[in-house]
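Dear colleague,

Please find below the structure I promised to pass on to you.

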Amino acid sequence: MTAAFPVIAAGRSSSGDSVVHGLDSRPVTRNTAPDQIPFILNAFEAATWLGIHHDTLRGLAAEQKIPSLRVGGKLAFRRDEILASFTR
């Protein structure tokens, strides 16, 4: 079984925030409340939520400064681990 991330499309919300839309989720913006964020985020969703570039996020993951995992060869992030890493 191959795990797949939803297809995403980037854009701008009416407030000017960057928005990432997953097919099976609500748009993820920097202002999205933590309880509205999907449990597992891909690099684009997590970076948009954190307000950083996805390459910066990948670098932080490679340096093990932010917890990450691989799902089907793709970099993924758990919402709760991201929150915990910033509250330490």
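Predicted model: local features only at pLDDT ≥ 70, side-chain atom pairs only at ≥ 80, totals over all residues.

Asn42 belongs to strand 3, which covers residues 40-42. Its side chain reaches two backbone nitrogens: that of Phe44 at 3.0 Å and that of Glu45 at 2.8 Å. Asn42 is also among the residues in contact with Phe77, once the neighbours of Phe77 within four places in sequence are left aside.

**Overall architecture**

The protein has 88 residues, of which 30% are buried. Its secondary structure comes to three helices and five strands, and from the N terminus on the elements follow the order β-β-β-α-α-β-β-α.

Strands of a sheet pair through backbone hydrogen bonds, either parallel or antiparallel. Here, three strands form an open sheet in the order 3-5-4, with antiparallel pairing. Strand 3 and strand 4 are the edge strands, each pairing on one side only. On average, neighbouring strands of this sheet are turned by 50° against each other, direction ignored. The antiparallel pairing of strand 4 with strand 5 extends over three bridges, and Arg70 stands opposite Leu75 in strand 5. Helix 1 lies across strand 3 and strand 5, and runs at about 95° to strand 3.

In soluble globular proteins, nonpolar side chains tend to be buried together. In this model, the largest nonpolar core has 14 residues, and those with the most contacts inside it are Leu41, Ala46, Trp49, Leu57, Ile66, Phe77 and Ile82. Helix 1 (43-50), helix 2 and strand 5 (74-78) are the elements that give two or more residues to this core. Helix 1 provides the largest share, five residues.

Which residues are in contact with Phe77, leaving aside its neighbours within four places in sequence? They include Leu41, Ala46, Leu57, Ile66 and Ile82, and also Phe39, Ile40, Ala43, Ala61, Pro67 and Ser68.

**Leu83**

Leu83 is located in helix 3, residues 79-87. Is Leu83 buried or partly exposed? Leu83 counts as partly exposed because its relative accessibility is 30%, and that class lies between the limits of 20% and 50%. Leaving aside neighbours within four places in sequence, Leu83 is in contact with Pro34 and Trp49. Between Leu83 and Ile66, which are 17 residues apart in sequence, the C-alpha to C-alpha distance is 9.9 Å.

**A positive phi at Gln64**

Most residues other than glycine have a negative phi, and most peptide bonds are trans. Gln64 has a phi near 60°, a positive value in a residue other than glycine. Where does Gln64 lie? Gln64 is in the loop between helix 2 (54-62) and strand 4 (69-71). With a relative accessible area of 72%, Gln64 is classed as exposed, because that class begins over 50%.

With kind regards

How values were computed
Residues numbered from 1 in each chain as written. Heavy atoms only, no water. Helix = DSSP H or I, 4+ residues; strand = E, 2+ residues; numbered from the N terminus. Polar contact = N/O pair within 3.5 Å; in protein donor to acceptor, adjacent residues only side chain to side chain. Buried < 20%, exposed > 50% of the residue type's maximum accessible area, 1.4 Å probe, protein only. Core = buried A, V, L, I, M, F, W, Y, C linked by side-chain atoms within 4.5 Å. Contact = heavy atoms within 4.5 Å. Pairing = 2+ DSSP bridges. Axes fitted to C-alpha atoms, helices over the stretch in contact; angles between N-to-C directions.
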